[in-house]
Amino acid sequence: MKNSTILLIRHGETAWNAVRRLQGHTDIPLNDEGARQAAALAQALAAEQVDVLVSSDLQRAMQTARAVADQYDGLRVQTDEQLRERCYGVFEGMLYAEIERRYPAEYALWQARDIDAVMPAGEREAESFRQFYQRATGGIADWARRHPGRTIAIVAHGGVLECAYREAVGMSLDSPRDFQVKNASINRFTWADGKLALTSWGEVDHLSLAAMDDIV
């Protein structure tokens with residue numbers, strides 16, 4: 001089977017990102033900065049071949065993906081709920097400091113990277129990190145298998161990108177995250193023989209002020 005190329009992209013900034021308010025499955029749109037980032041991302045990708053464009057079904061990802069689609073003739077955005085951010089249950093909508101104050105025991109387990117700990121339910125049932133990891137990496141694998149030899153751009157979330165990174169480099173789920181996951185970053189992987197491999201991480205030069213000044 002031919003190798004697939006995967007461009008894994010985090011959505012642009014939202015108002016909740018800017019203040020460290022936990023989003024999860026809560027459907028928050030891009031803020032003005034996020035829209036500018038999406039436009040810069042789209043311009044950066046315009047010269048590259050993209051055969052398939054898929055997005056999480058949450059609007060912050062879809063808005064970012066639509067900006068990319070606008071650079072291509074006939075490329076449509078397909079959505080997949082497997083590519084959503086992790087669901088954090090009652091934690092969603094809270095600032096990190098607020099979570100620590102109101103749910104100290106659960107917050108401690110989360111920060112200690114207990115991968116099977118589940119936050120209290122809120123509007124939705126929360127996921128453990130292990131459950132989320134299996135969903136996210138499984139979703140990426142599904143698209144790679146369906147489009148062998150193609151270049152697939154996937155617009156998703158910070159947590160999904162973290163899962164892909166860990167999968168690709170063989171990093172344990174309970175180890176501290178020692179890498180950044182930036183809004184509107186381009187992260188490049190290959191899929192071959194059922195395995196994800198990392199080729200480039202955290203491309204953000206297109207977000208520099210000089211690059212973004214060229215966007216009307």
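Predicted model: local features only at pLDDT ≥ 70, side-chain atom pairs only at ≥ 80, totals over all residues.

**Contacts, burial and a pocket**

User: Which residues is His11 in contact with, leaving aside its neighbours within four places in sequence?

Analyst: His11 is in contact with Asn17, Gln23, Arg60, Ala61, Thr64, Val155, Ala156, His157, Asn183 and Ala184. Residues are numbered from 1 along each chain as its sequence is written, and side-chain values use heavy atoms, leaving out hydrogens and water.

User: Why does His11 count as buried?

Analyst: Its relative accessibility is 2%. Buried means under 20% relative accessible area, partly exposed is in between, and exposed is over 50% (1.4 Å probe, protein chains only). So His11, at 2%, counts as buried. Glu85 is buried too, with a relative accessible area of 11%.

User: What makes His11 and Glu85 a pair in the UniProt annotation?

Analyst: An unreviewed UniProt entry covers both with the annotation "active site". The lining of the largest pocket takes in both His11 and Glu85.

User: How do you know where the largest pocket is, and how many residues line it?

Analyst: Rolling a probe the size of a water molecule over the atoms shows where empty space is left. A pocket is an open set of points on a 1 Å grid over the protein atoms alone, with protein on both sides within 12 Å along at least five of seven lines; a cavity is a set where a 1.4 Å probe fits but cannot get out, and lining residues have an atom within 4 Å of a point. Here 37 residues line the largest pocket, and Tyr88, Tyr96, Trp110, Glu162 and Arg177 lie nearest its centre. The lining holds 16 nonpolar, nine polar and twelve charged residues. Nonpolar covers Ala, Val, Leu, Ile, Met, Phe, Trp, Tyr, Cys and Pro; charged covers Asp, Glu, Lys and Arg; the others, Gly among them, are polar.

User: Why is H3 described as largely enclosed?

Analyst: Helix H3 (residues 59-69) has eleven residues, and eight of them are buried, so the rest of the structure largely encloses it. Those buried residues pack against helix H2 (32-45), strand S2 (52-55), S3 and strand S4 (151-156). The names follow DSSP runs numbered from the N terminus: helices are H or I with at least four residues, strands are E with at least two.

User: What makes the link between the side chains of Arg84 and Asp57 a polar contact?

Analyst: A polar contact is a pair of N or O atoms within 3.5 Å; within protein, one must be able to donate a hydrogen and the other to accept it, and residues adjacent in sequence count only if both atoms are side-chain atoms. The side chains of Arg84 and Asp57 are joined at 2.7 Å, so they qualify. Arg84 lies in the loop between S3 and H4.

User: Where is Ser55, and is Ser55 buried or exposed?

Analyst: Ser55 sits in strand S2. Its relative accessible area is 0%, so Ser55 is buried. A polar atom of its side chain lies 3.3 Å from the backbone nitrogen of Met62.

Technical notes
UniProt positions renumbered as here; feature names shortened; annotations may be inferred. Contact = heavy atoms within 4.5 Å.
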